[in-house]
Amino acid sequence: MVKEIDVLICGSGSAGLCAAAWLAICGIKSFKILEKRDGPMEMGQADGVQCRTVEVFESFGISEELLREAYHVLEVAFWSADGKGGIHRTSRTADTQPGLSHQPHVILNQARINSLLLDLMHRNGGKPVEYGYTVKSVDVDASLVDQPSAHAVTVIAEKNGKEETFKAKYVLGCDGAHSAVRRSLGYQMVGDTSDAVWGVMDIYPRTDFPDIRRKTTIHSSHGSILVIPREGGSMVRFYIEFPSGTNVKSVKLEDLHEKARQIFSPYTMEYADTYWWSCYCIGQRLADHFTKDNRVFLTGDAFHTHSPKAGQGMNVSMQDGYNIGWKLATVLKGGAKPDLLKTYDLERGKTAADLIDFDRFFTKLFSSKQNTSPEQFSEGFIKSGRFTAGLTSKYEDSTLTSSGTSRQELASEIVVGMRFPNAQVVRFCDAKAMPLIQTLKADGRWRIMCFAGRIGETSTASRLQNIAEYLDSPQGSVHKYTPGSADIDSLIEPIVVLHGDHTKLEQEHIPKYFWPVTGKWQMRDLHKVFIDERSYNSGDGKAYETYKIDSDRGAIVIVRPDQYVSKVLSIEDTAGIGAFFDGFALPRQENGA
């Protein structure tokens, strides 16, 4: 029997589950996850959760559990040889430099990360993962790829010795470094394996080393080690450098134990227990292709592999899923042409290439062969902070990103093609101080961020009225593209950010378009207007100052469903809003709504 489905996800790792969460949230019912393992992951090898990933979990509404259970990485200690056969601390610094993100870098086992995403998917109607399936082949029918509704991809998978055939509109290859999807398409991993050898182990240490509960780097005369405290308060992960050219297959757990003892000397290091360990050669590889006919998309380790020390693997993989998930949902719901999916190749391909380049730099930084001074190492480590926080991805111009036609000078710190940065604001309806980025929930909506200027100014009132009249008009983007039966803010949500004293503003001064009747109870939504001012209990907001927006000039910022900035416009340029959405969206008459 041939089973037809809209999206078939091969692999239930972080990338696949993140994409599945998007599909479920956006109301896509016809998707299935096939997983080779017999059940959910019980122990993952990845554990670092970068700031950007925590922001993603916040957008999904599941960051509180993550933050409650995880170890928070707040400080990094740098140790080096003391010239007397031992080691000494040379400096300490914040793990994430102030202002990069309102969320921290944390540590939590990948199995738990995946379970949070699974729970999210299930709560939104996603079906359980189908375990025990081995993908045997993936074939794209070239004669059908230009027909949007066609199930152009055939996947044959085996379970319990029996083959099953699936016909899918789209397939995601989320099946890891040994991807069966990639091999079936004939794609190759291009790159090399270095002679650098590292061991890794999760242990329960008995030690007098004072920084065992801090993220720590040690460069001693016996080699290098990276210390990562784990969640729970007891377990610690060690990444341990071995001499170049070491035969990985000959390394035993006792070798890792003894090497760590040597590096930590003169401090004692004994082991109450070892939870997990491994040894590996460092390699950096990138697939020569990672999409096929706009129908098959590789994600995560299926198209980029690298060393684990920078904590990028699970995080970048998840970002792959976060990128493709909402795009697939948009196309499947008829909101955009399939060409929208071509932006995945453009955006995540560059991100993966940047990751490989960074990993080469980061690996060399840790190598004892480089003879890096303590000062050079700590400086390089700190400079890497923006990348390791996950905040350097900048997407090139496309139908979704328009830096060339943006007025970037109107909001110079809101960079087109990058994730929308955070600043504190005060919500007008209840005076609650909050991060502005929390308004950008992962629910499939676009946001029109209106920085209209000072409260009380005639120009501010007229600007808001002009924007409201455009967006609420028959020819405006909202009515043009929002399904007729849906809430007026279900596709494009307006967000207003004003400057001044909120006590000088009344709700009726704000055009009613910005507090529409929506939701199950058809009540007025008063949660779309924010003020850039000092709150009662959280200090100054200064969003206009943070974003470098002149309150006399204002700005409009269009933000994608995945929190990336699409365009910056002048506050008067309502036509620019329409031109942007006209570039990719399908009018509701064409999308069947």
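**A hairpin, a sheet and some helix contacts**

Guide: Strand β5, residues 75-81, and strand β6, residues 87-94, pair in the antiparallel sense, and seven bridges join them. This is a predicted model, and what follows should be read with that in mind. Within the pairing, Phe-78 has Ser-91 of β6 standing opposite. The two strands β5 and β6 make a hairpin, with five residues between them. In the turn of that hairpin, Gly-83 has a positive phi of about 80°.

Several residues of α14 (574-582) are buried, namely Thr-574, Gly-576, Ile-577, Gly-578, Phe-580 and Phe-581. These buried residues pack against the strands β22 (446-454), β23 (492-499), β27 (555-559) and β28 (565-569), and also against the helices α11 (458-471) and α12 (477-481).

Other helices can be described in pairs. Two packed helices are described by the angle between their axes and by the distance between those axes. For α8 (residues 342-366) and α9 (residues 374-383), the axes come within 10 Å and cross at roughly 155°. An angle over 145 degrees counts as roughly antiparallel, and therefore α8 is roughly antiparallel to α9. Their crossing is left-handed. On the α8 side, Phe-361, Phe-362, Leu-365 and Phe-366 take part in the contact, and they meet Gln-376, Phe-377, Gly-380 and Phe-381 in α9. By class, this contact has six nonpolar residues, two polar ones and no charged residues.

The pair α2 (residues 51-60) and α7 (residues 313-332) gives another case. The axes of α2 and α7 come within 10 Å and cross at roughly 40°. These two helices are therefore oblique to each other. The crossing in which α2 passes α7 is left-handed. From α2, the residues Arg-52, Thr-53, Val-56, Phe-57, Ser-59 and Phe-60 meet Asn-315, Met-318, Gln-319 and Tyr-322 of α7. The residues of this contact between α2 and α7 divide into five nonpolar, four polar and one charged.

Ile-156 has its place in strand β10, residues 153-159. With a relative accessible area of 24%, Ile-156 is partly exposed, because buried means under 20% and exposed means over 50%. Leaving aside residues up to four places away in sequence, Ile-156 touches Thr-134, Val-135, Lys-136 and Ser-137, as well as Glu-163, Glu-164 and Thr-165. Between Ile-156 and Gly-61 there is a separation of 95 residues in sequence, and their C-alpha atoms are 35 Å apart in space.

Technical notes:
Residues are numbered from 1 along each chain as its sequence is written. This is a predicted model: local features need pLDDT of at least 70, side-chain atom pairs count only at pLDDT 80 or more; totals for chains, interfaces and linings use all residues. Side-chain values use heavy atoms; hydrogens and water are left out. Axes are lines fitted to C-alpha atoms, for helices over the stretch in contact, and angles run from 0 to 180 degrees between N-to-C directions. Helices (H or I, at least four residues) and strands (E, at least two) are DSSP runs, numbered from the N terminus. Angles under 35 degrees count as roughly parallel, over 145 as roughly antiparallel, 65 to 115 as roughly perpendicular and the rest as oblique. A crossing is left-handed if the near helix is turned anticlockwise from the far one by less than a right angle, and right-handed if clockwise. Contact means heavy atoms within 4.5 Å. Ala, Val, Leu, Ile, Met, Phe, Trp, Tyr, Cys and Pro count as nonpolar, Asp, Glu, Lys and Arg as charged, and the others, Gly among them, as polar. Buried means under 20% relative accessible area, exposed over 50%, partly exposed in between (1.4 Å probe, protein chains only). Two strands pair if DSSP finds at least two bridges between them.
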